[in-house]
Structure formats: C-alpha cells, structure tokens
Amino acid sequence: MKPAPFDYVAPASLDDAISSLAGGGGDAKVLAGGQSLIPMLALRLARPTLLVDVNRVPGLDGLREASGMLEVGATVRQRQLETWAAARSSLFAHVLRHVAHPPIRARGTVVGNIVHADPASELPALLLALDGVVVARGPRGERMIPADRFYRAPLTTTLAADELATAVRFSLPPAGAGWGFAEVSRRHGDFALVGAVAVMARAGDGTVSRVRLAFFGAGGTPVRAVAAEQALTGQVATPARLADAARTAAAALSPDGDIHATAEYRRRVAATLAERTLGAALDGSGGAA
Amino acid sequence: MTREVRVTVNGQEHRRRVEPRLTLADLLREELDLTGTHVGCEHGVCGACTVLLEGEPVRSCLVLAVQVDGQHVTTIEGLAPADGPAPGAALHPIQEAFWAKHGLQCGFCTPGIIMSVSAFLRERPRPSPEEIREMLAGHLCRCTGYHFIVEAIEAAARALADDPHRR
C-alpha cells in the first residue's frame, strides 16, 4: 500500500528539529532510517501529519567510544555500528548480524531501532544488558532515560512525543567479560520468536562480579532478568547455578502467544536460551565482548 | 505539498517535483520509467525493489524520494556496462551467471537479488555457501527453491574474481 499524505520537513539544526516536532502537536514523527516507520506508513498503521527528517541535522552522526562507553548518534546506521564492531566488539558484531538484512542495516539507524521498541528486536535487549541510556532532547532540555525505565509496552516508550532521541549510550563490558547471544527465528534476519543476551564479568576469585541477562520476544517489552542476575552475583557460576538462574528468569516472563508460537513454547525456549547464553558468557566462547 | 528532488540515476541527472509520500521505488518506476526495479510487498520484506543508494544496497520502497535529493542511485538498468559494442545489450557478469545457472524462473525477484549481490560480492569476493544463504534471507523467491540462485552467486563470484575490473 501507499502511505497517506503527510507534510515533510528536513531541518538543518537540532533546535529546528525539536521545534518542528513540538509544532506537530503530537502528530509529528521523526524520520531517520525509516526502516520501521515507512512500513508502518505503508500499512497505514501510522498516519502522522508531519515527518521531521533528521538526516540533515549536524552532530547526530557521531559514533564515539570513550572511557568504557559507546555513544551512537541518532543518524548512525546499523551498518556503521557493524563496521565499528568488526574491529572492536565480537558481541556487537554478532548481535548486528541478526538485525534484519544488509539492505535494511545500510539504512536503518541504531537509535531508531531502539526507540521503535519492537519487543522482538535485538538491539533494545542489548541496550538493557549493557546498562544503556537514551539521550532525549525536547523543548524542556535534555534528559537521560536509563534503558530499564525506557520501555513500557510494544512500540511504546517513555520518550515524549515532542522529544527527539539524539543518541544512545552503551556501557561496554569490562575487559575479560564474556557474552552469550542466542535467538530462535524461522529465517535468518526475521524478528526473533524468542532471544536472549547475557554478559558476565568475574572477580579474581572466580565469583561473578556482574552479570546481565535480557530477553527479547518474550513479552510486551524487552525484559531484564533481575532476580536471576541477583541470584548469580557473588557466586561461583557452576552449571547447576546457571541452570537454576535460567529457570528463575524464564519463570518471571509473561510471553504472548500468537500464530508463530504459543506463550508456553516461548517460555520454554527462553529458559533454554538463558542457560545457553549464560554458559557462553561464562566460558567466553564468543570472544572478547 | 510537493518538493523538488534532484537525483542522479545510473549516471543521468533528473529533476522532479514530488509528493513527500512518494517512495524511491515509485519515483524510479512511475516518474523515470525505470521499471526494472520491481515492487513486491511495499513494506521492506520481499527485497524485490533493492537498488544501490550511494553504492549501498537499500530497499527503494523504504526510502522516500525526497530523501535522495542530491544523491546517486544505481538500478538494474545501470549495472551492465553501457560502453560495449551494443550499448545496454551486454550483461554484467552477475547477470550472465544467473542466466547460465538458471538462477531465476519468473524473474520477479531477480533485479533486487542481483543489486544486493553486486554489493555483497564487493565486500565478500569469496563467500561461503552459508554466507550466501544468510544474505539471500533478505530476498523472497517463490519459484526456484534458492538452490540455483546460490549456484549462480557462486559462479558470479568466480567470474568476478577472474575479471575484477568488470565489478
């Protein structure tokens, strides 16, 4: 189908972008890569009256790594992060390979994917697992929204209609941390039926100093398994403890059933993937995070 | 509301006034008569409309025409060398490989696949069959069962490796 008519502006400054958004009276949408928005327009699931194209706004295209933090600006394509990751992070490289397909990644932005808030998408769960932050700019100034307070429901976040997500920040795992990533999908590049990502760091005595486990495709939002993380922290991560933590994590999920998979199937697969990803994070089989 | 767009397609510059909701795919087909770019699903799933934008493969149904102002697009019509003995009649090595290996039946998905493959082989001149299948997951073909497409891409990779200046 074809999108319904809308007006279009391509502001050349951040201030103009924010005032255009505010001027849209809640009916304006930000256009960056367009790989989620344009399908929604074509299917007429969204009918904004104004698109604010931020691709010409200077200063949103930065990809910066500094003191354990990776900041990704609003117009950085998934493909650019993939290129960065090829040299810098096996975790990001592995996750990005699972985000749609090369022509989508060439155009789709990292921030757009995260803000679109599809619960079955990989990058929102990665943002949760890496204690990420969304940087939001609006008429009232700038604020930082932690990932664990960002997602509310499918395609719904705590970003206000007049706010622009100018960047996201990931805390990069400490040197020596391990990671695991797994998803089940019908075809490579599809949204996951269920997926999990785990990151684990250990202290000198071998006990778990920090662990993160996040699921996608397992509920209305990406989910962090906080109880399971707490159960493992400070412990020696034996296979039995990982299996226990995985069961705890999966039991706390409220996945939805649909034509692709039942809720019960998703919960069982989530338990299996949690155990696998925690195991991979422990033995470092994925390489340096 | 319409806006003027200036875009270079296959080396030729065009200017058009378009509505913001016009997609790049429809600009190519309806305004510029370049109907080699096929439109299947119109929401980014099937891959039939893939073209190169500034050398990168993109779904032309997921890019607005107003967004490509000042940029360069290559479509299937611009892939083959235009300077051969019969301009436009020669095939690119990837097209030759699809022809030789029966990598198509109805041909609807083929232009999109070939544009993707042209970018893919630049990056991975010697892809494994697994890498080819991973890349092809972004393209739906309802005729072939994909086996001959994989073989065609392997043949194209070999041909381009032997004759890299035709890339």
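Trainee: Among contacts in chain B between residues at least 6 apart in sequence, what percentage join residues at least 24 apart?
Mentor: Keep in mind that this is a predicted model, where local features need pLDDT of at least 70, side-chain atom pairs count only at pLDDT 80 or more, and totals for chains, interfaces and linings use all residues. Residues are numbered from 1 along each chain as its sequence is written, while chains are lettered from A and ligands numbered from 1 in the order in which they are written. Two residues are in contact if their C-beta atoms, placed from the backbone, lie within 7 Å. Take the chain B contacts between residues at least 6 apart, and the share joining residues at least 24 apart is 57%.

Trainee: What is the radius of gyration of chain B?
Mentor: That one is taken over C-alpha atoms, and the globule rule is 2.2 Å times the number of residues to the power 0.38. For 167 residues, a compact globule would come out near 15 Å, and chain B agrees with that at 16 Å.

Trainee: Is His102(B) buried, partly exposed or exposed?
Mentor: You'll find His102(B) in the loop between helix H2 (93-100) and helix H3 (110-123) of chain B. Its phi is positive, about 55°, although it is not a glycine. The cut-offs count other C-beta atoms, placed from the backbone, within 10 Å of the residue's own: 20 or more is buried, 12 or fewer exposed, in between partly exposed. With 13 of them, His102(B) is partly exposed.

Trainee: And Ala117(A), buried or exposed?
Mentor: Ala117(A) sits in the loop between helix H6 (110-116) and helix H7 (122-129) of chain A. Its phi is positive too, near 65°. Because Ala117(A) has 21 C-beta neighbours inside 10 Å, it counts as buried.

Trainee: Which element gives the largest share of the side of chain B that touches chain A?
Mentor: Here 24 residues of chain B are in contact with 25 residues of chain A. On the chain B side, strand E4 (56-59), H3 and helix H4 (129-136) each supply at least two residues. The largest share, four residues, comes from E4(B).
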